[in-house]
Amino acid sequence: MEIIGWVLVIALFIVGMLGTIYPILPSVVAIYFAFFVYGWFFTFYEFGPLFWIIETVIVVVLLVADYLVGAYGTKKFGGSRLAVILSIVGMVIGPFVIPAFGLILGPLIGAVSAELIQGRDWQNALRVGWGTVLGLFASAVVKIILQLAMIGVWIIWIVAN
């Protein structure tokens with residue numbers, strides 16, 4: 001049973017990190033759930049209230065930052081509300097339609113399309129698309145850092161106790 005527990009915990013960590021590339025995966029939720037899996041297979045003894053508070057705060061910050069940072073990039077470059085919405089749709093659908101480049105092209109196409117639908121010229125639409133891609137990369141960096149922090153806190157907690 002111990003091997004199954006470790007395999008599940010590690011698999012959930014991997015799914016969590018892959019969620020940065022494939023946004024349809026539950027990313028931060030998978031990592032958070034890995035802590036429960038560890039507790040169920042081994043023990044919850046090491047996890048006191050402070051552990052759960054720290055991890056929950058990181059989850060909330062990550063969820064809020066994930067959407068705000070991406071939307072900020074679109075808005076900062078003059079994007080409309082529709083551009084934000086279609087870039088998110090493109091971010092979810094893109095990796096499945098264009099596996100190698102969909103994570104970048106999906107939001108870009110979504111934002112540019114939204115701006116063109118609203119009558120903007122190509123130059124402005126492409127500028128908004130560029131802002132969307134920059135926001136996406138910034139969001140991915142924040143997500144990776146915070147998810148690694150979650151795993152790091154967990155490792156420290158396990159080793160220290």
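A search of the whole structure finds 1 cavity of 30 Å³ or more; a cavity here is a set of points, on a 1 Å grid over the protein atoms alone, where a 1.4 Å probe fits but cannot get out. The structure is a predicted model, in which local features need pLDDT of at least 70, side-chain atom pairs count only at pLDDT 80 or more, and totals for chains, interfaces and linings use all residues. Residues are numbered from 1 along each chain as its sequence is written, and side-chain values use heavy atoms, with hydrogens and water left out.

**Overall architecture**

- The chain contains 6 helices and 0 strands; helices (H or I, at least four residues) and strands (E, at least two) are DSSP runs numbered from the N terminus.
- The C-alpha trace spans about 60 × 30 × 15 Å along its principal axes.
- Of the 161 residues in the chain, 41% are buried, where buried means under 20% relative accessible area, exposed over 50%, and partly exposed in between (1.4 Å probe, protein chains only).
- Among contacts (heavy atoms within 4.5 Å) with a separation of 6 or more, 65% are between residues 24 or more positions apart.
- The chain exposes about 8,800 Å², of which carbon and sulfur atoms supply 79%; accessible areas come from the Shrake-Rupley method with a 1.4 Å probe, and for residues only the protein chains shown count as cover.

**Cavity and pocket**

- The largest cavity has a volume of about 140 Å³, a volume being the space filled by probe spheres set on grid points that are joined across faces, edges and corners.
- The largest cavity is lined by 13 residues, and Gly 70, Ala 71, Ser 87, Ile 88 and Met 91 lie nearest its centre; lining residues have an atom within 4 Å of a point.
- Two or more residues of this cavity lining come from each of α3, α4 and α6.
- The largest pocket has a volume of about 350 Å³, a pocket being an open set with protein on both sides within 12 Å along at least five of seven lines.
- Its lining comprises 23 residues, with Gly 19, Pro 23, Asp 66, Met 91 and Lys 143 the closest to the centre.
- The elements that give two or more residues to the pocket lining are α2, α3 (49–76), α4 and α6 (122–160), and α6 supplies the largest share, 6 residues.

**Nonpolar surface patch**

- Ile 24, Ile 85, Val 89, Ile 93, Phe 96, Val 97, Ile 98, Phe 101, Leu 105 and Ile 109 form a nonpolar patch on the surface, with about 890 Å² of accessible area together.
- Patches are made of residues with over 30% relative accessible area and no salt bridge, joining like charges within 9 Å and nonpolar side chains (Val, Leu, Ile, Met, Phe, Trp, Tyr) within 5 Å; a salt bridge is a side-chain nitrogen of Lys or Arg within 4 Å of a carboxyl oxygen of Asp or Glu.
- Helices α4 (81–97) and α5 (102–117) each give two or more residues to the patch, and α4 gives the most, with 5 residues.
- Ile 98 is found in the loop between α4 and α5 and counts as partly exposed because its relative accessibility is 32%.

**Individual residues**

- Phe 36 lies in helix α2 (residues 28–41) and counts as partly exposed, at 26% relative accessibility.
- Leaving aside neighbours within four places in sequence, Phe 36 is in contact with Phe 44 and Trp 52.
- Phe 36 and Gly 48 are 12 residues apart in sequence and 13 Å apart in space, C-alpha to C-alpha.
- Ser 27, in the loop between α1 (2–18) and α2, has a positive phi of about 30 degrees although it is not a glycine.
- Ser 27 is buried, with a relative accessible area of 5%.
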